Amino acid sequence: VSAGYVSAGPQTPRPGAGLALEFCGIALEHPVINASGTFDLIAAAETFDAGLFDPFPFAAFVSKTVTLQPRAGNAAPRLWEAPAGLINSIGLPNKGLLGYLEHDLPRLHRLLGGTAAPPGSPDASPVPLITNVMGSTAQELIELVSALEERSEIAAIELNVSCPNVRTGLDLGADPRELESALTAVRPHTSKPLIVKLTPNASDVPAAAVAAESAGADAMSLINTLRAYAVAPGGGAWLGGGTGGLSGPAVRAVALAQVAAVAARVSIPVIGMGGVETARHAQDLLEVGATLVGVGTASFTDPAAGARIARGLHSKPANSGLSPQAHA
Amino acid sequence: VSAAAGPDRRGRAPFGRRRGTVVGARDLGAYRVFTIAEALARAPRPLAGQFYMLAAAHDWGGRGDERPFLARAFSVARAHELDGQLALDFLIENVGPGTERLSELSPGDQAWFTGPLGIGFTAPPAGRMALLAGGGVGIAPLAIWQDQLLAQDRQSIALLGFRDGEHAAGADLLVDPAVATEDASVGRPGLVTELLTDELAERPDAVVYACGPPGMLEAVRALCAARGVSAQLALESGMACGFGACFGCVVALRDGSYLRLCTEGPVVDAARLETALAPGHPRRPLSGHPQRAIGALP
């Protein structure tokens with residue numbers, strides 16, 4: 001898989017040069033995208049100048065999770081700095097499906113160059129938009145996916161299946177049978193590529209991946225955050241939401257193991273993510289079988305991390321020949 | 001489309017983090033002031049109340065508990081031209097792994113910075129006095145606000161509170177401030193809110209600009225609300241990104257919604273808040289160093 005990402009030449013200015021690929025029928029300039037919920041394009045465009053689009057850091061843009069009803073999100077505090085990582089308990093704040101379709105989608109489409117080239121790169125083609133949704137029942141997922149199916153601005157749909165099932169208490173995505181039954185119900189309602197964002201908080205992640213593939217998923221993405229907890233200085237839960245999810249370099253080795261295990265079991269493309277901060281980290285995920293790499297927490301500390309990593313992949317030989325620990 | 005002008009109180013920051021050279025660093029009592037410079041041509045002028053995400057370019061991480069990991073949000077304390085560069089001053093108190101590392105920076109060192117970010121202060125209506133109330137390290141944005149008000153020929157009075165004399169040395173950052181200390185070592189014994197109460201009795205139509213620990217900000221909010229005084233509070237919160245991506249730095253508003261401090265703050269109209277205490281988390285008791293416990297990442 002990684003053989004396609006070898007440098008095309010040392011003088012090409014665009015970060016994705018020589019890395020172009022097709023993912024589920026979608027043409028991408030390079031294999032680096034954002035992890036859902038780690039980059040708010042609308043807020044970024046209000047904060048930063050046109051350099052945001054010169055070049056845009058991601059080959060495709062993944063929205064934050066959209067739910068059927070609007071959500072305010074969890075009470076503060078929502079963050080805890082962990083050893084080489086971050087625990088968040090954000091609670092998926094969003095405007096709900098209708099708010100997304102009415103307000104966010106047209107703006108995202110415009111910002112991604114859907115109606116005109118993005119500022120700063122007049123010759124660039126539009127950046128594909130992947131919309132991430134979460135529903136707690138198959139019926140909710142069907143409603144969400146059916147609505148997105150109608151919108152040509154959306155290139156693909158990612159399902160966040162880290163929603164706890166009210167009956168079993170398990171995340172929908174942690175139970176292969178539940179996942180398979182939900183996906184089987186959802187699949188007929190869209191012709192767009194369906195990406196399943198797997199939860200790492202499961203006893204058998206590859207089994208969930210296999211179930212998702214057999215129910216018609218077009219791709220997998222993993223890992224989501226690892227369930228985590230922080231104790232307040234005075235005792236009790238620090239986070240307003242109780243538990244949170246761990247991300248950042250602290251989870252990178254776990255991500256490599258899970259991506260490798262899933263890629264070995266499924267034949268559909270895998271989007272690997274978890275603690276990627278450098279091109280080398282991205283290369284590692286590609287080597288264990290990922291087709292695309294998601295950048296998440298790294299964008300928090302370096303907003304242009306995606307572009308930096310894509311540029312680095314471009315200049316990185318497929319096999320650096322370095323000993324395993326020597327690539328610092 | 002995306003390059004359209006933003007709200008008045010927000011300039012667009014260059015995209016991404018930039019690497020700057022530390023050109024100055026000095027102790028100021030219990031605090032450290034360090035200065036990062038960048039070429040004027042590419043440096044947007046910050047508005048008072050705006051902030052930057054800061055990290056040392058080297059040795060960021062690997063301290064106690066393998067931290068710091070995230071960049072740290074700091075209000076800019078002063079912006080000035082220096083040898084053809086824009087120099088930005090930041091006021092740091094060493095209270096944890098990130099602020100400890102930033103406190104060690106010395107001239108010649110490299111630092112990452114992203115900004116200016118967020119929405120700053122809005123000037124008072126013509127003819128109205130600006131009362132700047134600062135507590136502890138929260139005096140930083142009031143220093144640049146005093147500069148900018150002065151440059152616009154606007155009148156302001158600075159009122160600053162500190163826990164003790166060592167911290168009160170920070171008052172040097174502002175021009176002619178009135179100072180209160182909790183240990184009675186400098187200025188008036190007591191709290192900055194007592195200075196503010198007296199000043200508001202004289203000037204009931206003043207506009208208040210405040211930054212400091214949550215307990216102080218809540219006291220300012222309450223006393224301004226009781227008097228019908230307009231107040232702008234510069235709040236702080238743990239922040240992972242500073243540009244609206246993580247949704248981590250929220251503050252609960254009176255209407256029950258949450259506001260992201262990084263993009264819709266950090267300066268917030270006090271009238272929008274039910275409380276300035278423990279943003280969104282009133283059950284948490286305020287004790288010890290509340291600013292450290294519930295405020296910005298240390």
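Predicted model: local features only at pLDDT ≥ 70, side-chain atom pairs only at ≥ 80, totals over all residues.
1. S8(B) and S12(B), the latter covering residues 207-211, pair in the parallel sense over five bridges.

2. The other neighbour of S8(B) is strand S9 (residues 156-162) of chain B; six bridges join the two, and they run parallel. Leu131(B) stands opposite Ile157(B) in S9(B). Between S8(B) and S9(B) the chain passes through helix H2 (residues 140-151) of chain B, and this β-α-β crossover is right-handed.

3. How far is S8(B) enclosed by the rest of the structure? Six of the six residues of S8(B), residues 130-135, are buried, so the strand is largely enclosed. Both of its faces are covered. Ala130(B), Leu132(B) and Gly134(B) are buried on one side, and Leu131(B), Ala133(B) and Gly135(B) are buried on the other.

4. Strand S13 (residues 231-234) of chain B is also covered on both faces. On one side Ala231(B) and Leu233(B) are buried, and on the other Gln232(B) and Ala234(B) are buried. Four bridges join S13(B) to S12(B), and the two strands run parallel. In this pairing Tyr209(B) stands opposite Gln232(B). The chain goes from S12(B) to S13(B) by way of helix H5 (residues 214-227) of chain B, in a right-handed β-α-β crossover.

5. S13(B) pairs in the antiparallel sense with strand S16 (residues 267-269) of chain B, over three bridges. Here Ala234(B) stands opposite Val267(B).

6. The contact between the chains takes 50 residues from chain A and 42 residues from chain B. The area buried between chain A and chain B is about 3800 Å², and carbon and sulfur atoms give 64% of this area. Four salt bridges are counted between chain A and chain B, and twelve residue pairs are in polar contact across the interface, with both residues at pLDDT 80 or more. On the side of chain A that touches chain B, at least two residues each come from helix H1 (41-47), strand S5 (79-82), strand S6 (85-88), helix H2 (96-111) and helix H8 (298-301) of chain A. H1(A) gives the most to this side, with five residues.

7. Over all chains, a search of the whole structure finds 24 salt bridges. One pair crosses between chains: Asp40(A) is in the loop between strand S3 (32-34) and H1 of chain A, and Arg260(B) is in strand S15 (residues 258-260) of chain B. Their side chains meet at 3.0 Å, N to O. Are the two partners buried or exposed? Asp40(A) has a relative accessibility of 10% and counts as buried. Arg260(B) counts as buried as well, at 15%; the cut-off for buried is under 20% relative accessible area.

8. Within chain B, the side chains of Glu38(B) and Arg18(B) meet in a salt bridge at 2.7 Å, N to O. This pair links distant parts of the chain: Glu38(B) is in strand S2 (residues 31-39) of chain B and Arg18(B) in strand S1 (residues 18-28) of chain B, 20 residues apart. Glu38(B) and Arg18(B) are buried.

9. Glu81(B) forms a salt bridge with Arg45(B), with the closest N and O atoms 3.2 Å apart. Glu81(B) lies in strand S5 (residues 78-82) of chain B and Arg45(B) in the loop between S2 and strand S3 (51-56) of chain B, so the pair ties together parts 36 residues apart in sequence. Glu81(B) is exposed, with a relative accessible area of 54%, while Arg45(B) counts as partly exposed at 45% relative accessibility. Elsewhere, salt bridges that share partners join Arg63(B), Glu100(B), Arg101(B) and Glu104(B) into one network.

Note on methods
Residues numbered from 1 in each chain as written. Chains lettered and ligands numbered in written order. Heavy atoms only, no water. Buried < 20%, exposed > 50% of the residue type's maximum accessible area, 1.4 Å probe, protein only. Pairing = 2+ DSSP bridges. Right-handed = clockwise from strand over helix to strand, strands pointing away. Contact = heavy atoms within 4.5 Å. Buried area = accessible area lost by both parts, 1.4 Å probe. Polar contact = N/O pair within 3.5 Å; in protein donor to acceptor, adjacent residues only side chain to side chain.
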